[in-house]
Amino acid sequence: MDDKSAKKMKRKSFFSGVIATLLAIALLYFIYMIVPVGGGASHPDSIQTIKKAKAIQRIIDRYYLGDVNEQSETDTMFLGQVAGLGDRYSTYYTAEQYEEIQKERNGKYIGIGVTIAQSADGDAAEIVSVGDGTPAASAGIQKGDLIYRINGEDVTGYSSSDLSDLIEKYVGTEITMELKRGENGDMVTVSVTPEQMETETVTGSMLDGGIGYIHITQFAKITVDQFKDTMKSLEDQGMQKMILDLRDNGGGLVDSACEIGRQILPKGIIVYEEDKDGKRIYEKNDEDNGFSMPLVVLVNENTASAAEILAGAIKDDGIATIVGKTTFGKGIVQNDFRLPDGSYLKLTVRHYYTPDGNDIHGTGITPDVEVDAAGDGSDPQLDQAKALLG
């Protein structure tokens, strides 16, 4: 055999080896991804478990009297797998459910500026609030109105989410709504145009004595800009002291809470997170913002998660007096994992700690001054905050 033929044979042998190696890797990947290989009989990925699921499905297909929604079955199976962890904060979302969650996190939505709930009799949905300056307010829609028709379509029996989805389809287009109003049940017809709107997550007002009052209801993406705008507005009005109200704030985006912390906290750690392997992630304020106003922070038993991160950092840094009731005590962080079909897994992945290393999970943050809420319309917690600021 001449040199040319030998080189040709070597190249052929080399490429054959490469192809064989790639096929072997592909086979191993197939075995890893498709064939259940881990755990014992009780493991969700075991051959026995998958065989049992198939056996249950065959029995359903053979004997179940009602109609079978296979997609609902499958989604519920995945939901149950995560629920089996016993962690109330971990869950499974379909692609559609996750899209709705993202809208809430972004703080932007398409609508007319109302909050909708099912009526007491389960018939027509009820308008429970109308936002100031919204399309609904301009159209004359009122709190207590019952929604009967939209563009001639009977919507009695629709859930609030179904109605929101229907209204969203008409963004930028005028729609007609037929509403039942008042004790006499008079029918009222209004025209309104759905538009993209922002959830009002931050509100502010000036109180007597140069006290600025800021209430944050949740931490969405838009919350940071709304907070900055509110701060500037109050400063322009002569704010010299501040009350930050985090009562009934169930949390939201940790990034937003930390960014707001950077507006008022001194330089240093805001929060740190630790995973199952002990790896830590730090959120810090790298610059001293110069915030020096007297500050009181209001919290209660519904102040949770990202709101506790902010309250915990403020307390550890000693820049404010915390007033109210002990907070909820959610000191864990969840991540979202996208699955191949567009659905998502929300899973608890890290524990978080305040700058001083305090673990508030299950215990919450204890206020410096404990004050009970009142059920008579007064607000003794806010009164205490104002008294502390003089």
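Which residues does glutamate 301 touch, not counting residues up to four places away in sequence? Touching, or contact, means heavy atoms within 4.5 Å, and glutamate 301 touches Lys325, Thr326, Thr327 and Phe328. Glutamate 301 sits in the loop between β15 and α9, where helices (H or I, at least four residues) and strands (E, at least two) are DSSP runs numbered from the N terminus. Its C-alpha atom is separated by 4.3 Å from that of threonine 327, although the two are 26 residues apart along the chain. With a relative accessible area of 42%, glutamate 301 is partly exposed; buried means under 20%, exposed over 50%, and partly exposed in between (1.4 Å probe, protein chains only).

Before going on, some background. This is a predicted model, in which local features need pLDDT of at least 70 and side-chain atom pairs count only at pLDDT 80 or more, while totals for chains, interfaces and linings use all residues. Residues are numbered from 1 along each chain as its sequence is written, and side-chain values use heavy atoms, with hydrogens and water left out.

Now let us look inside. In soluble globular proteins, nonpolar side chains tend to be buried together. A nonpolar core is a set of buried Ala, Val, Leu, Ile, Met, Phe, Trp, Tyr and Cys residues joined through side-chain atoms within 4.5 Å. The largest one here has 38 residues, of which Leu244 and Ile314 touch the most other members. Elements giving two or more residues to this core include β11 (211–216), α7 (223–236) and α9 (306–317), and α9 provides the largest share, seven residues. Apart from this core lies another, of 18 residues, with Ile112, Ile116, Ala125 and Val190 among them.

Asparagine 285, in strand β14 (residues 280–285), is buried, with a relative accessible area of 4%. What does its side chain reach at 3.0 Å? It is the backbone oxygen of glutamate 287, while the backbone oxygen of proline 266 lies 3.3 Å from a polar atom of the asparagine 285 side chain.

Serine 90 is another buried residue, at 6% relative accessible area, placed in the loop between α3 (70–83) and β1 (91–93). A polar contact of 2.7 Å joins its side chain to that of aspartate 87. Such a contact is a pair of N or O atoms within 3.5 Å; within protein, one must be able to donate a hydrogen and the other to accept it, and residues adjacent in sequence count only if both atoms are side-chain atoms. The backbone nitrogen of threonine 348 lies 3.0 Å from a polar atom of the serine 90 side chain.

Finally, the rings. The structure holds five aromatic pairs. Rings of Phe, Tyr and Trp (its six-membered ring) pair if their centres lie within 6.5 Å; planes under 30 degrees apart count as stacked, over 60 as edge-to-face and the rest as tilted. Tyrosine 272 and tyrosine 282 form a tilted pair, 5.4 Å centre to centre with 35° between the planes. Tyrosine 272 lies in strand β13 and tyrosine 282 in strand β14, so the pair ties together parts that are ten residues apart in sequence. Tyrosine 272 also pairs with tyrosine 353: their centres are 5.3 Å apart and their planes at 20°, so this pair is stacked. It links distant parts of the chain, with tyrosine 353 in strand β18 (residues 344–353), 81 residues from tyrosine 272.
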